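Please view the sequence and the structure before reading on.

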Amino acid sequence: MEQARPQVDLEAALAASERRFRLLADQAPVIIWRAGPDKQCDWFNKPWLDFTGRTLEQELGYGWAEGIHPDDHARCLEIYTTAFAARERFTMDYRLRRHDGVYRWIRDNGAPYYDDDGSFLGYFGSGIDVTDHVETELSLRRALSQADQYDQQQKQAQWRQEMLIHELNHRVKNTLATIQSIAMQSFRAGVDVRSGLAKFEGRLVTLSRAHDVLTQSNWLAAPLDEIVQSGIEPFRTPEDDAFTIEGPPVCLPPKMALSLAMGIHELCTNALRFGALSARGGTVRIDWQVTGDGEGEQLELTWREAGGPPVHSPGQRGFGTRLIESGLAREFGGKVTLDFAPGGLVCRVHAPLPAEEPPLVGGLVVPHH
Amino acid sequence: MGRRVLVVEDESLVALLLEDMLLELGFTVVDVASRLETGMSAAEQAAFDVAVLDVNLGGETRSFPIADLLRRRGIPFVFATGHDPSSLERTYPDAPVVRKPFLRGDLRNALARALAG
């Protein structure tokens with residue numbers, strides 16, 4: 001009896017300790033689980049069971065895993081079994097289904113436990129609801145990524161603007177040089193200032209009109225009929241229209257369009273001074289066609305004067321001819337012929353149409369990278 | 001006969017201008033190329049003493065491959081550009097730069113410098 005007494009006391013003390021532990025575990029504002037050395041869970045505290053709304057029996061073994069969100073399931077089991085095999089502490093976040101069916105984020109800390117002589121008994125784990133924390137973090141991350149995206153867009157817009165300004169400067173300087181060229185052609189030695197100025201103005205206005213046509217198409221391509229119109233417009237009289245224009249719809253690349261508009265303007269000026277437009281009843285017919293297949297299309301444009309005074313060949317090549325030749329012939333590998341036929345001047349332009357216009361920079365087309 | 005010049009310029013009106021200015025300055029224009037490819041083949045084959053190269057040949061095409069080819073051939077050249085020439089001066093410190101629109105004095109001096117170089 002004397003010897004048995006401490007044994008009874010010990011058992012009673014253990015039972016009391018166990019009760020106190022349970023009381024503590026069930027009162028704590030955390031969910032707690034315990035697993036044996038075989039990884040199977042053998043106990044859950046009351047807050048856990050209250051949270052999931054399930055019975056202890058349902059949660060035992062691997063029953064608890066049924067409440068884990070399908071998207072987190074595999075990852076959780078992986079962390080759990082890996083840590084367990086290595087007897088390591090682990091922390092993992094997962095969504096656990098609450099009794100009302102709502103998934104809440106739980107941050108679970110697991111740790112191995114041992115008895116006094118150091119033999120492994122299993123794991124204890126405790127979890128807290130971190131849903132608000134996780135959602136804040138997620139929305140913060142979303143906001144950050146949005147801010148980052150916005151920043152990228154800003155940088156892109158800024159880069160694009162720089163390109164535009166650069167391109168605009170290039171265009172302006174080239175246009176100024178173009179006007180310089182027109183001035184040089186118009187104010188030649190021996191030409192009086194008044195007539196030089198008239199020539200200059202006519203050319204300047206034609207250039208400007210051709211720019212209008214190109215601007216309408218974002219400087220990508222200009223409809224040929226509009227380019228022809230822009231060249232002959234100042235020479236047309238509504239009551240007595242000398243011009244006939246005929247041809248299928250064709251689009252020209254910008255430089256070709258500018259050269260052609262300027263060239264047609266020069267042909268008009270010459271016709272007004274010496275050719276069909278200088279006589280009542282004189283006519284100019286401009287027609288064109290596109291030949292060849294999709295791979296190598298050719299533009300064949302003809303300017304044909306009739307009803308003017310007798311034609312004789314001028315001594316030297318004028319600005320118009322040079323311009324059409326350099327703009328169309330040289331640049332696009334085409335050919336320009338002037339035929340001073342007795343019935344009227346015939347100008348034939350033969351130019352391959354580029355299959356695809358290379359992208360322009362800046363205003364016009366987004367640059368390639 | 002004056003010194004022979006190759007002109008590479010993609011805007012036909014500007015090319016005409018250069019041609020006329022060079023004639024007035026006493027040069028002989030042997031060829032005018034308006035694209036990189038034609039400029040390359042002219043730079044490779046034509047016989048000339050100096051070249052005027054427009055930097056921007058449309059879109060994003062630059063005349064630098066022609067400049068490099070001329071460097072290898074030992075033929076001097078000047079650049080023509082509407083842009084700020086400072087970036088050119090870093091890559092091609094020896095090449096004179098003429099700004100668009102052109103002052104004929106600038107063009108004459110640039111060509112003289114290139115030919116003397």
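In this predicted model, chain A holds an open sheet of 5 strands, paired in the antiparallel sense and ordered S2-S1-S5-S4-S3. Strands S2 (41–44) and S3 (90–97) of chain A each have a single partner strand and stand at the edges, so one side of each lacks a neighbour in the sheet. From one strand to the next, the twist averages 25°.

One antiparallel pair joins S1 (residues 31–35) and S5 (residues 120–129) of chain A over 5 bridges. Opposite A:Trp33 stands A:Gly125 in S5(A).

Two helices of chain A touch the sheet, as the table shows.

| Helix (chain A) | Strands touched (chain A) | Direction |
|---|---|---|
| H5 (residues 131–186) | S3, S4, S5 | about 115° to S4(A) |

How do H5(A) and H6 (residues 193–216) of chain A cross? Their axes come within 8 Å, at roughly 150°. Angles over 145 degrees count as roughly antiparallel, so H5(A) is roughly antiparallel to H6(A). The crossing is right-handed. Residues making the contact include A:Thr175, A:Ile179 and A:Ile182 of H5(A), and A:Phe200, A:Leu204 and A:Leu207 of H6(A).

Is helix H8 (residues 254–273) of chain A largely enclosed or largely open? Of its 20 residues, 15 are buried, so H8(A) is largely enclosed by the rest of the structure. At 1.5 Å a residue, H8(A) should span 28 Å, and its end C-alpha atoms are 29 Å apart, which agrees.

Terms used. Residues are numbered from 1 along each chain as its sequence is written. Chains are lettered from A and ligands numbered from 1 in the order in which they are written. This is a predicted model: local features need pLDDT of at least 70, side-chain atom pairs count only at pLDDT 80 or more; totals for chains, interfaces and linings use all residues. Side-chain values use heavy atoms; hydrogens and water are left out. Two strands pair if DSSP finds at least two bridges between them. Helices (H or I, at least four residues) and strands (E, at least two) are DSSP runs, numbered from the N terminus. Axes are lines fitted to C-alpha atoms, for helices over the stretch in contact, and angles run from 0 to 180 degrees between N-to-C directions. Contact means heavy atoms within 4.5 Å. The expected span of a helix is 1.5 Å times one less than its number of residues. Buried means under 20% relative accessible area, exposed over 50%, partly exposed in between (1.4 Å probe, protein chains only). Angles under 35 degrees count as roughly parallel, over 145 as roughly antiparallel, 65 to 115 as roughly perpendicular and the rest as oblique. A crossing is left-handed if the near helix is turned anticlockwise from the far one by less than a right angle, and right-handed if clockwise.
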